[in-house]
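Take a look at the model first, then read on.

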Amino acid sequence: MNNRESLKKMVVMALLSALAFFAVALLRIPMLWAGPLVLSYEPKDVIIAIGGLLFGPLPAAIIAIVVAFIEMVTVSSTGPIGFIMNVISSGCFVCSSAIIYKRHRTIKGAITGLSVACLTTTIVMLLYNYFFTPIFMGVPRAVVASLLVPLFLPFNIIKSIINAAIIMMIYKPVVTALRKSNLLIESEDSAASGKFNIGVFLLSCFVLATAIVLVLVLQGQM
């Protein structure tokens, strides 16, 4: 990679970092709650994961850390514990999907990577919530343990599924826009090359709609 390509890569990473931060600051949507504890969705991992699919797991991890740090010192009230949680949550999702997609740069590889990312993030965040949320909330671990299945499990599953569906919907248009802006070179990325895959788009829409319905059911609105 020459200096010009490296510069373009840094510009795109900085752009994605900025967009991911604004997604956190401006697009928080309360999803599930139990008493005073509110779990919100924000699409920052969609943006960071696109960086991972473009450049690989290490750049994705760097973007996740940068965004989490900026969030900690600006809009977050959770301090270092929240910073660690955000790095772990985003890192699991974006790095696991990027690792698989880096080896198999096809639509099948993207779907496989995002599926593994959903599973990995859900498991890791359940463990994180069990061990660290009691410290953050100042409650006995038994209280948090009682919320793992009814609250944290569905939240992390649905959040990950929503992220994966949106990524599959917008990845090709984003890559196309970056290429037209001369910020991204052509690659052997068959998931982002060729004609628009209407089948993948419709499947992603169905998955996204299903996840939204599940959220409404869990909120008691349906």
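## Contacts across the chain

Counting contacts in the protein between residues at least 6 apart in sequence, 68% of them join residues at least 24 apart. Please keep in mind as you read that this is a predicted model.

## Elements in order

The protein has eight helices and two strands. Starting at the N terminus, the elements follow the order α-β-β-α-α-α-α-α-α-α.

## Size and burial

How does the radius of gyration compare with that of a compact globule, and what is its value? The protein comes out at 18 Å, which agrees with the value near 17 Å that a compact globule of 222 residues would have. Taken along the principal axes, the C-alpha atoms fill a box of roughly 55 × 35 × 30 Å.

As for burial, 44% of the 222 residues count as buried. The accessible surface of the protein is about 11400 Å², and 73% of that belongs to carbon and sulfur atoms.

## A nonpolar patch

Leu119, Ile123, Leu127, Tyr130, Phe131, Phe132 and Ile135 together make a nonpolar surface patch of about 690 Å².

One of these residues, Phe131, sits in helix H5, which covers residues 107-137. Is Phe131 buried, partly exposed or exposed? Its relative accessibility is 43%, so Phe131 counts as partly exposed: buried would require under 20% and exposed over 50%.

Terms used
Residues numbered from 1 in each chain as written. Predicted model: local features only at pLDDT ≥ 70, side-chain atom pairs only at ≥ 80, totals over all residues. Heavy atoms only, no water. Patch = residues over 30% accessible without salt bridge, like charges linked within 9 Å, V, L, I, M, F, W, Y side chains within 5 Å. Areas by Shrake-Rupley, 256 points an atom, 1.4 Å probe, with all protein chains shown as cover. Salt bridge = Lys/Arg side-chain N within 4 Å of Asp/Glu carboxyl O. Helix = DSSP H or I, 4+ residues; strand = E, 2+ residues; numbered from the N terminus. Buried < 20%, exposed > 50% of the residue type's maximum accessible area, 1.4 Å probe, protein only. Rg over C-alpha atoms; globule rule 2.2 N^0.38 Å. Contact = heavy atoms within 4.5 Å.
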